[in-house]
Amino acid sequence: MELNVKSIVAEAEQWKDAGVELPAYDIAALKEHTKEAPEWVHFGPGNIFRDFIGGIADKLIAKGKMKSGISAVAGYDAEIIEKIYEPCDNLTLSVGLKWDGTKELRVFASIAEAVDPGTDPDKLKKLAEAESLKLISFTITEKGYVVADEAGKPTGPVAADIEAGPDGAATTMAQAVAMLYYRFKAGAAPVTLVSLDNCSNNGDRLKASVLYLAEKWQEKGFVDSAFMAYVRDGKKVAFPLSMIDRITPRPDAKIAEELEAMGIKNMSPIVTKKQTWIAPFVNAELPRYLVIEDNFPNGRPPLEEAGVYMTDRESVMGTERMKVGCCLNPLHTALAVCGCLLGYKKISDEMNDEELKKLVYALGDEGMAVTEDPGIIHPADFVREVLKERLPNPFLPDTPQRIACDTSQKVPIRFGGTINGYAALGRTAELKYIPFVIAAWLRYLAGVDDELNPMELSPDPRLDVLCKALEAYRPGELSADADLAALDAILADEEYFASDLTKYPELSEKIRSDYRRLMQGKGALRSALKELLKED
Ligand code: CS2
């Protein structure tokens with residue numbers, strides 16, 4: 001067996017005997033229909049998209065509720081098309097890793113085509129012009145939405161896109177705005193842009209980035225005010241909010257070996273030049289949640305029939321605040337930075353570490369005190385599942401190193417909401433675990449572990465800036481009265497924490513003293529953790 005259309009047709013019996021569920025629809029007809037009437041374009045064709053979103057589309061196609069598949073655009077990393085999508089005919093082998101060690105195996109054929117705008121520049125235009133197009137979705141991570149710095153100055157690649165205009169767009173954001181422009185020119189049909197990333201109010205963030213670029217193109221004369229009115233008209237172009245949740249680790253070499261031992265060839269994961277970890281299969285947990293604001297001016301697939309919660313704006317905001325700002329992602333970041341420092345390679349192993357386990361339970365409680373029940377998914381049930389089933393799942397090969405990627409982009413949403421919640425009640429002095437995790441992140445940036453051995457830091461767009469700012473502070477060498485002005489400058493930077501933390505004297509003093517403690521030398525994190533959690 002090999003993951004391609006020929007094999008799943010010719011060796012269907014073998015696949016089924018191996019326990020793999022195959023697509024229950026005509027793949028050629030799906031591709032044909034997608035060419036004639038595309039409905040769904042997606043930017044960011046990585047693992048969570050292929051498995052979670054691809055799985056939703058697969059279910060709807062199998063039920064006869066969607067006739068077109070998804071057109072997946074690799075605006076950022078086209079190497080994945082060449083190395084994974086093409087050899088596998090865009091199929092995905094989904095490996096759901098259950099708590100009891102068994103696997104749920106499925107092949108999805110819902111990605112009807114893969115688009116590399118670099119080699120096929122007209123394709124985005126064609127897709128945009130199709131009246132049938134209903135939605136453009138995105139899984140491009142938090143940093144994918146960054147178009148400018150705090151002062152409004154465009155980042156390098158975006159600056160180049162501003163000069164190049166719609167026909168020369170190279171970044172994902174500019175390609176999305178270019179699609180809106182082509183759609184406007186072709187009759188201004190409505191469309192919906194759905195961000196599926198863990199950003200705060202992700203739809204608003206996407207809209208702000210789209211408008212930023214569109215305005216710059218208007219200044220340059222590439223687009224006119226009528227186009228601006230189209231993008232700003234909520235009945236024409238909608239940007240609903242969403243909350244997405246499914247832990248999708250990087251593809252694991254051991255799982256590749258197990259699949260190959262079952263007779264499925266060529267499963268090895270690869271890492272692209274742009275650091276995408278990808279394989280013909282995707283390994284993920286089984287729990288999953290997707291909540292989307294129901295605002296689709298050109299219609300939408302019946303997503304609710306594939307388990308998606310379609311709801312109002314307030315409910316999405318509440319579930320996002322609960323998941324990203326309290327019950328899951330802050331815990332993940334705590335396990336990421338502490339786990340890297342303590343030499344862990346697996347999240348589930350960390351949940352067997354008495355102190356780390358206590359830390360994430362306590363962090364969850366700290367956030368929960370200012371988190372409301374959004375009504376759709378109850379925080380108490382949700383966090384219980386996270387702590388008792390999802391994080392400790394020993395069969396899920398998730399790593400602190402994966403989650404430690406881009407921490408600077410994640411900190412504001414993961415901790416900012418709780419800090420602001422405590423601030424609104426005048427209670428920031430009570431915060432204990434969030435300051436500790438922030439201090440641990442800053443300690444992590446020293447690039448040596450808790451045994452003072454060199455440690456590789458995960459990629460982060462602000463890594464160089466942060467490491468440089470903190471370079472004078474070395475673990476084991478920080479004197480008790482050292483001036484922490486460089487640390488204070490980071491704490492005061494609203495880009496990192498969603499507010500100036502030096503405004504809260506007790507909170508920032510706690511971060512400073514935790515940091516000093518963590519910088520004391522060998523084993524400082526371990527003993528600080530014991531101390532912190534002693535009375536809990
Ligand atoms: C993780 C998320 O990478 C990270 O920072 O916390 O990818 C996490 O696995 C998902 O949000 C789970 O839904």
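Predicted model: local features only at pLDDT ≥ 70, side-chain atom pairs only at ≥ 80, totals over all residues.

Let us begin with helix α13, residues 329–341, and helix α18, residues 407–424. Their axes lie 9 Å apart, and the two helices pack at an angle of about 135 degrees. That angle makes α13 oblique to α18, since the range counted as roughly antiparallel begins only over 145 degrees. As for handedness, α13 passes α18 in a left-handed crossing.

Which residues meet here, in α13 and in α18? From α13 come Asn329, Pro330, His332 and Thr333, and they meet Thr407, Arg414 and Phe415 of α18. Sorted by class, the residues of this contact between α13 and α18 comprise four polar, two nonpolar and one charged.

I turn now to the second pair, helix α15, residues 354–368, and helix α24, residues 524–533. Here the axes are 10 Å apart and the packing angle is about 50 degrees. The crossing of α15 past α24 is left-handed.

On the α15 side, the contact involves Glu355, Leu356, Lys358 and Leu359; on the α24 side, Arg526, Leu529, Lys530, Leu532 and Leu533. The contact of α15 with α24 has five nonpolar and four charged residues, and no polar ones.

That concludes my account of the two contacts. Thank you for your attention.

Conventions: Residues numbered from 1 in each chain as written. Heavy atoms only, no water. Axes fitted to C-alpha atoms, helices over the stretch in contact; angles between N-to-C directions. Helix = DSSP H or I, 4+ residues; strand = E, 2+ residues; numbered from the N terminus. Parallel < 35°, antiparallel > 145°, perpendicular 65-115°, else oblique. Left-handed = near helix turned anticlockwise from the far one by under 90°. Contact = heavy atoms within 4.5 Å. Nonpolar A, V, L, I, M, F, W, Y, C, P; charged D, E, K, R; others polar.
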